[in-house]
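Reader: I would like a close look at one part of this protein, the aromatic side chains and what surrounds them. Please take me through that part step by step.

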Amino acid sequence: MVKHIKLTSAEDLKKFMQLAWNCASDVGVHTEDDKIADAKSVLGLMALDYAKPVMVVSEDESFFDQIKPWIVAADS
């Protein structure tokens, strides 16, 4: 499953990372410029640019329910 999210603050990133850590499945984050990070990696997430929405990939539907506040349309 793939969703686009928009994180607007360091606190959003921290909360997102905590939810990813608690997710039993793998969670990947992809940027428009083809950078990829493991959402459970602090350094990986810190290296990405969040000026634009990023794509989140996971097979855990309950994870997407938890990040619903950050989900945006793909063209936002």
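Author: A residue counts as buried when its relative accessible area is under 20%. The model is a predicted one. By that cut-off Phe-63 is buried, because its relative accessibility is 0%. Phe-64 is buried as well, with a relative accessible area of 3%.

The rings come next. The whole structure holds three aromatic pairs. One of them joins Phe-16 and Trp-70 in an edge-to-face arrangement, with 6.4 Å from centre to centre and 75 degrees between the planes. Phe-16 belongs to helix α1 and Trp-70 to the loop between α3 and β5, so this pair ties together parts that lie 54 residues apart in sequence. Phe-16 and Trp-70 are both buried. The pair of Phe-63 and Phe-64 is also edge-to-face, because the ring centres are 5.8 Å apart and the planes stand at 70 degrees. Through ring pairs, Phe-16, Phe-63, Phe-64 and Trp-70 are linked into a cluster.

In soluble globular proteins, nonpolar side chains tend to be buried together. The largest nonpolar core here has 20 residues, and those that touch the most other members are Ile-5, Phe-16, Val-27, Val-56, Phe-63 and Ile-67. Two or more residues come from each of α1 (10-21), β2 (27-30), β4 (54-58) and α3 (61-66). The most come from α1, which gives four. Val-56 shows how these parts meet: leaving aside residues up to four places away in sequence, its contacts include Ile-5, Phe-16, Val-27, Phe-63, Phe-64 and Ile-67.

Helix α1, where Phe-16 sits, has twelve residues and spans 16 Å from its first C-alpha to its last, close to the 16 Å expected at 1.5 Å a residue. Its buried residues are Asp-12, Leu-13, Phe-16, Met-17 and Ala-20. These lie on the same side of α1 because they cover an arc of only 130 degrees around the axis. The elements that cover them include β1 (2-5), β2, α2 (42-46), β4 and α3.

The strands among these belong to an open sheet of five strands, ordered β3-β2-β4-β1-β5 with antiparallel pairing. At the edges stand β3 and β5 (71-72), each with a single partner strand, so one side of each has no neighbour in the sheet. Between β1 and β4 the pairing is antiparallel, over four bridges; within β4, Met-55 is the bridge partner of His-4.

How values were computed
Residues numbered from 1 in each chain as written. Predicted model: local features only at pLDDT ≥ 70, side-chain atom pairs only at ≥ 80, totals over all residues. Heavy atoms only, no water. Core = buried A, V, L, I, M, F, W, Y, C linked by side-chain atoms within 4.5 Å. Buried < 20%, exposed > 50% of the residue type's maximum accessible area, 1.4 Å probe, protein only. Contact = heavy atoms within 4.5 Å. Expected span 1.5 Å × (residues − 1). Arc of directions from axis to C-beta. Pairing = 2+ DSSP bridges. Phe/Tyr/Trp six-rings, centres within 6.5 Å; stacked < 30°, edge-to-face > 60°.
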